[in-house]
Amino acid sequence: MDHFVYQDGVLCAEDVSVAEIAAQVGTPFYLYSSATLLRHYRLFDEALAGMDHLVCFAMKSLSNQAILQLLGEAGAGMDVVSGGEYARARAAGVPGERIVFSGVGKTRVEMRQALTGGIRQFNVESEPEMEALSAVAVELGKIAPITIRVNPDVDAKTHAKIATGKSENKFGIPIARAREVYAHAARLPGIEVIGIDVHIGSQLTDLAPFEAAYLKVAELTEQLRADGHTIKRLDLGGGLGIPYVQSNEAPPSPLDYGAMIKRTVGHLGCEIEIEPGRLISGNAGVLVSRAIYVKDGADRQFLILDAAMNDLIRPAMYDAHHDIVPVVQPEAGAERATYDIVGPVCESGDTFAKGRAMAQVAPGDLVVFRSAGAYGAVMASEYNSRPLIPEVLVHNDQFAVIRARPTFDEMIARDIIPAWL
Ligand SMILES: Cc1ncc(COP(=O)(O)O)c(C=O)c1O
Ligand SMILES: N[C@@H](CCCC[NH3+])C(=O)O
């Protein structure tokens, strides 16, 4: 559920008309609802009630400082995957004890940064990483708390580019080698093993793969405890999917997910962490764009928008579907048309949808891409020298620009001309 609904025939974000924001900010831009973000975070928090737990927002999905501060103040932890994300989380006021550090390629510089600034735990993904972390911690006179990410070899049944839990994927250590790797970890002086981490992929619309992975983690917990290790924390990753086709998709809710967690690992008495990204931010954001032209091709009509693949890469990269709806609600019985919906970038891959049937759109009309809050703005680029687009946050009947559109001069001024040119 989200807070983008038609009121009096105009799409509104909470209590503000999208048309009014577009008139002030100019298109294209990303628009987020603070009520939806908070609602989604709280759903996860409530789903784990009764267990010692922390919901760490996977900020790779949406990392604007205002959003991090909003969620951080509500009590969320953060799952970070780079020094940049760590710095953003701290700058947003999130304390180190609520930050977990994931990723297969943490550098020694990043390890030093997090150990010095404060960290809840590192989710370590390999033996070389474990050794590097131990050495860095010893240098600093610290002990690094870690979980080890296991790869359970479970098929997440999602897009191949975002599945992470099969043995062919680069993530985690093979679960079959876990006891050996934990024994190795126990011998290293700079780290303290406190638990297990698992994350099998993103946009999962069925609980069965999660359940299979969590049952393997439960079994491993018992084995590792029998081997003498302290396993007091389980980081169960993120990945719960969202409906992208609002009319006919109903993936499991955070409540169903929470109940499954209790069922599979609840008896172990561990502290539980989860790292949802998309479910918190995805349907809390839209991309607002304006139609520039409607062009007749040989055998189809192209609807050319002012947003492009550099602003929202998901359709080009994963053939992802986003519902695209007009800001002014079409009257009942309004004329319909079928479009290939494209952007201005000079690539045929700059296509948002092929053969999309929708109410007729005229040049100048505003449209909205739904479910664009996650992996939208964060994956944008300035390809074709199109400056990054603004981000706007709505709260009840107010809105604020939380990232301004750079001017062309600002974009150009970032480049440096060497003196010898
Ligand atoms: C380690 C880790 N945690 C959490 C997430 C968040 O995933 P999602 O946005 O699907 O919830 C990801 C991305 O898949 C991830 O790689
Ligand atoms: N970028 C991907 C999700 C990646 C998840 C990263 N762990 C998407 O838009 O669907």
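User: In this predicted model, how many bridges join S5 to strand S6, and which way do the two run?

Analyst: Happy to start there! Strand S6 covers residues 77–80, and one place to look is alanine 58, which stands opposite aspartate 79 in S6. S5 and S6 run parallel, and the number of bridges joining them is 3.

User: In the open sheet of 3 strands, what is the strand order, and which strands stand at the edges?

Analyst: The order is S1-S2-S3, with antiparallel pairing. An edge strand has a single partner strand, so one side of it is left without a neighbour in the sheet. The strands standing at the edges are S1 (4–7) and S3 (16–17).

User: Which residue in S3 does cysteine 12 stand opposite?

Analyst: Strand S2 covers residues 10–13 and pairs with S3 in the antiparallel sense. There are 2 bridges between S2 and S3. Facing cysteine 12 across this pairing is serine 17.

User: Is glutamate 14 buried, exposed or partly exposed?

Analyst: Glutamate 14 sits in the loop between S2 and S3. Glutamate 14 has a positive phi of about 50° although it is not a glycine. To count as buried a residue needs 20 or more C-beta neighbours, and to count as exposed 12 or fewer. Glutamate 14 has 19 inside 10 Å, so it counts as partly exposed.

User: What is the phi of glutamine 203, and is this residue buried or exposed?

Analyst: You will find glutamine 203 in the loop between strand S11 (191–197) and H8. Most residues other than glycine have a negative phi, and most peptide bonds are trans. Glutamine 203 has a positive phi of about 60° although it is not a glycine. Because 23 other C-beta atoms lie within 10 Å, glutamine 203 is buried.

User: Which residues are in contact with arginine 278, leaving aside its neighbours within four places in sequence?

Analyst: Arginine 278 belongs to helix H10 (residues 278–281). Arginine 278 is buried, because 25 other C-beta atoms lie within 10 Å. With those sequence neighbours set aside, its contacts are Ser61, Ser202, Gln203, Ile242 and Ala374.

User: Where is proline 28, and is the peptide bond from threonine 27 to proline 28 cis or trans?

Analyst: Proline 28 lies in the loop between helix H1 (18–25) and strand S4 (29–33). The bond from threonine 27 has omega near -10°. That peptide bond is cis.

User: Is H2 roughly parallel or oblique to H3?

Analyst: Helix H2 (residues 34–47) and helix H3 (residues 65–73) pack at an angle of about 45°, and their axes are 10 Å apart. Angles under 35 degrees count as roughly parallel. At its angle, then, H2 is oblique to H3.

User: Which residues in H2 meet H3?

Analyst: H2 passes H3 in a right-handed crossing. From H3 come Ile67, Leu70 and Leu71, and from H2 come Ser34, Leu37, Leu38 and Tyr41. By class, this contact of H2 with H3 has 6 nonpolar, 1 polar and no charged residues. The residues you asked for in H2 are Ser34, Leu37, Leu38 and Tyr41.

User: Are H4 and H5 roughly parallel or oblique to each other?

Analyst: Helix H4 (residues 83–91) and helix H5 (residues 108–117) have axes 9 Å apart. The angle between H4 and H5 is about 20°, and H4 passes H5 in a left-handed crossing. H4 and H5 are therefore roughly parallel.

Note on methods: Residues are numbered from 1 along each chain as its sequence is written. Chains are lettered from A and ligands numbered from 1 in the order in which they are written. This is a predicted model: local features need pLDDT of at least 70, side-chain atom pairs count only at pLDDT 80 or more; totals for chains, interfaces and linings use all residues. Axes are lines fitted to C-alpha atoms, for helices over the stretch in contact, and angles run from 0 to 180 degrees between N-to-C directions. Helices (H or I, at least four residues) and strands (E, at least two) are DSSP runs, numbered from the N terminus. Angles under 35 degrees count as roughly parallel, over 145 as roughly antiparallel, 65 to 115 as roughly perpendicular and the rest as oblique. A crossing is left-handed if the near helix is turned anticlockwise from the far one by less than a right angle, and right-handed if clockwise. Two residues are in contact if their C-beta atoms, placed from the backbone, lie within 7 Å. Ala, Val, Leu, Ile, Met, Phe, Trp, Tyr, Cys and Pro count as nonpolar, Asp, Glu, Lys and Arg as charged, and the others, Gly among them, as polar. Two strands pair if DSSP finds at least two bridges between them.
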